[in-house]
Amino acid sequence: MASVGSSTSSNSLSNLSAKTGIGGLASGMDIDELVEQMTATSRQKILKQQQNLQKLEWKQTTYRSVTTALNEFQGKYLDVLSSTNLRSASFFNIVKATSSSDAISVTSTSSAVAGKIKIDSVTQLATNQKITMADDKKATKSLTSANTVTDFIGGLKAGDSIRLNLDGKVRAITFDSSFIAGVTADPSSFEDRLQNLIDNAYGITGESDKVISADVDSSGYLTFAASGSKLTLNSIGEESTTLTDLGFTNGQTNVLSMSSTLADLNLSTGLNGSSQYQFNINGINFKFDSSDKLSTVINRINGSDAGVTLSYSTLTDQFTLTAKETGAGNNIYVRDTGGNLMSSFGLTSASGAVSTAGVNAILSVNGQTITRSSNTFEVDGAKVTLNSIPEDEVTITMKDDATSLKDTIKSFVEDYNAMIELANGLVKEEVNRDYQPLSDEQKADMTETQIKAWEDKAKSGILRGDSLLKSISSKLHSVVTGLSVNGFSLYSMGITSAGYTENGKLQVDETKLQKALETKGSEIRELFTSENGIGTSLNEIIIGATKTSGVKGTRGSLVEVAGVKDTLSDTESSIFDQMKKTNKSIKTLKTRLTAEESRLWRKFSAMENAINSLNSQNSMISQFFSSGS
């Protein structure tokens with residue numbers, strides 16, 4: 001048997017055999033059997049209580065199944081988070097909006113009405129204000145050598161190599177004896193010879209295909225460049241000094257890494273070495289340590305109330321601040337208040353940042369020019385989104401379409417019928433009085449199939465005539481069959497009672513429902529969504545039965561009786577109290593049975609001792625007379 005709540009254990013429905021010893025050797029009587037017969041009444045009392053306990057557990061489970069059904073119905077049709085919430089006015093918007101062009105998308109709102117809207121033209125789309133680095137600036141320090149080519153050539157040996165990693169494509173650049181001889185004889189040829197090595201390594205055959213450029217300036221310093229790509233320089237082997245001799249560091253790259261700390265960022269405008277950096281964006285203050293990662297800075301800014309998005313592009317190697325709101329106006333204000341982080345990012349006016357103002361959307365609707373700060377706005381009940389500028393005029397058509405609403409209402413009726421059928425079915429279920437919960441000994445002689453069939457009959461009618469379920473079903477039925485708003489009811493839209501024999505279920509006349517959806521949209525919406533409508537009324541009834549919040553005595557009626565698993569009510573219900581009391585009674589009866597068995601065994605043991613004594617005396621007398629003769 002299942003456990004009772006979470007703290008009271010149940011008992012097996014056993015026959016509680018009193019066979020606790022071996023007796024009757026002197027008397028020849030089956031004392032085990034005698035004790036069992038003489039304690040049969042006590043054991044029957046225990047078995048009766050165990051059966052009552054099992055019935056209480058079945059009741060608890062059955063009540064909880066009704067609670068679950070009510071909660072599932074509420075969650076699907078009455079919860080504010082449900083996509084089929086019949087208490088929401090927007091759900092009953094049966095107007096479908098379509099656009100004649102992909103350049104403009106449209107959806108209907110709860111205030112939409114059938115008709116057409118013509119967008120004559122769109123002059124411009126709303127844009128976001130942006131602040132970015134100046135075109136001639138990059139965020140990352142260029143890959144320029146610290147040593148001159150002349151210094152490098154002097155120490156170059158045949159076989160020296162460096163590794164280039166271009167967007168994950170790794171190639172080794174090896175300086176052979178021919179290369180060394182050439183640049184030694186003519187140092188000015190270093191740039192062309194190195195470029196040839198790089199082009200050959202990456203399979204470049206023409207100037208236009210070049211992916212990495214190697215340039216030597218007039219002072220003899222080497223610069224690697226890879227426009228729009230990430231280029232990383234690496235040494236080959238732990239002992240190789242070729243890359244450092246050339247004047248670069250191992251792992252040096254031309255773009256920033258999100259995982260780098262602020263202290264390690266190789267910014268073209270270096271940080272001033274502060275341990276902390278502070279700045280203000282649109283009135284929101286920020287503070288970061290030099291040990292914070294670049295990704296931390298970006299994520300914190302973007303998740304703040306500053307109303308901007310900070311981004312870094314490895315393609316352009318530039319930072320950009322973009323206002324989250326579109327439209328004209330100065331929507332971004334940035335300044336460093338401690339350190340120079342924003343200036344190093346090139347996003348302050350002092351660092352030469354370029355600000356591109358946002359603009360409003362301008363369009364003509366039904367012959368009238370309108371301006372909007374966003375590309376998404378409402379016009380006569382239609383939610384319009386400008387995706388691009390259309391070449392021709394666009395027609396938005398608003399048309400009644402009750403198809404999806406009809407399917408949901410039919411589903412509502414089906415699920416209501418299943419819920420009410422469960423409750424009313426339990427109330428009317430037949431009781432099989434000849435089938436009681438099985439004891440362990442009875443189960444031992446039966447198959448699993450037989451046990452299930454027996455227990456199904458034993459459980460039948462466990463809540464027959466239950467007043468609580470009757471009350472809940474009656475309230476639900478009264479709402480769906482009797483409630484009306486301004487004279488309009490479910491009956492008005494073809495939903496009626498299926499009759500007494502159908503256990504309170506509803507039936508749908510699809511022709512009447514379709515007509516009502518097409519002609520009575522506002523009345524249907526009011527019926528379900530008004531303060532005294534069907535949605536609110538059903539929700540209140542279900543909450544009144546299934547609420548688990550609050551202290552004992554203030555919860556739902558079903559919860560007060562049977563509780564709900566994994567809530568405080570699991571062990572705070574009337575059935576749990578009854579189960580606890582029954583378990584206590586079983587424990588007391590078992591203690592009494594043990595005492596009764598012990599008392600009987602003491603009496604039978606005394607009788608056996610007396611018989612043994614008499615038998616011994618008889619044996620002695622028989623031996624005496626036998627010896628005298």
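**Close-up 1. Salt bridge between Glu393 and Lys118.** The side chains of Glu393 and Lys118 form a salt bridge with an N to O distance of 3.8 Å; such a bridge requires a side-chain nitrogen of Lys or Arg within 4 Å of a carboxyl oxygen of Asp or Glu. Glu393 lies in the loop between strand 20 (382-386) and strand 21 (394-400), and Lys118 in strand 3 (residues 115-124), so the pair ties together parts that are 275 residues apart in sequence. Helices (H or I, at least four residues) and strands (E, at least two) are DSSP runs numbered from the N terminus. Glu393 is partly exposed at 45% relative accessibility, and Lys118 is partly exposed at 36% (buried is under 20% relative accessible area, exposed over 50%, partly exposed in between; 1.4 Å probe, protein chains only). The model is predicted: local features need pLDDT of at least 70, side-chain atom pairs count only at pLDDT 80 or more, and totals for chains, interfaces and linings use all residues. Residues are numbered from 1 along each chain as its sequence is written, and side-chain values use heavy atoms, with hydrogens and water left out.

**Close-up 2. Salt bridge between Asp415 and Lys76.** In this salt bridge the N to O distance is 3.0 Å. The pair links distant parts of the chain, with Asp415 in helix 9 (residues 403-428) and Lys76 in helix 2, 339 residues apart. Asp415 is partly exposed, at a relative accessible area of 27%; for Lys76, also partly exposed, the value is 36%.

Close-up 3. The 12 residues of helix 11 (residues 448-459) should span 16 Å at 1.5 Å a residue, in agreement with the 16 Å between its end C-alpha atoms (the expected span is 1.5 Å times one less than the number of residues). Ile451, Glu455 and Ala458 are buried in this helix. Seen down the axis of helix 11, its buried residues fall within an arc of 55°, so they line one face; the arc is that of the directions from the helix axis to the C-beta atoms. The face turned away from the buried side carries the exposed residues Thr449 and Lys452. Cover for the buried residues includes helix 2 (40-77) and helix 10 (440-444), where contact means heavy atoms within 4.5 Å. Gly461, with a positive phi near 80°, follows helix 11.

**Close-up 4. Salt bridge between Glu502 and Lys505.** The side chains of Glu502 and Lys505 meet at 3.6 Å, N to O. Glu502 is partly exposed, with a relative accessible area of 33%, and Lys505 is partly exposed, with 22%.
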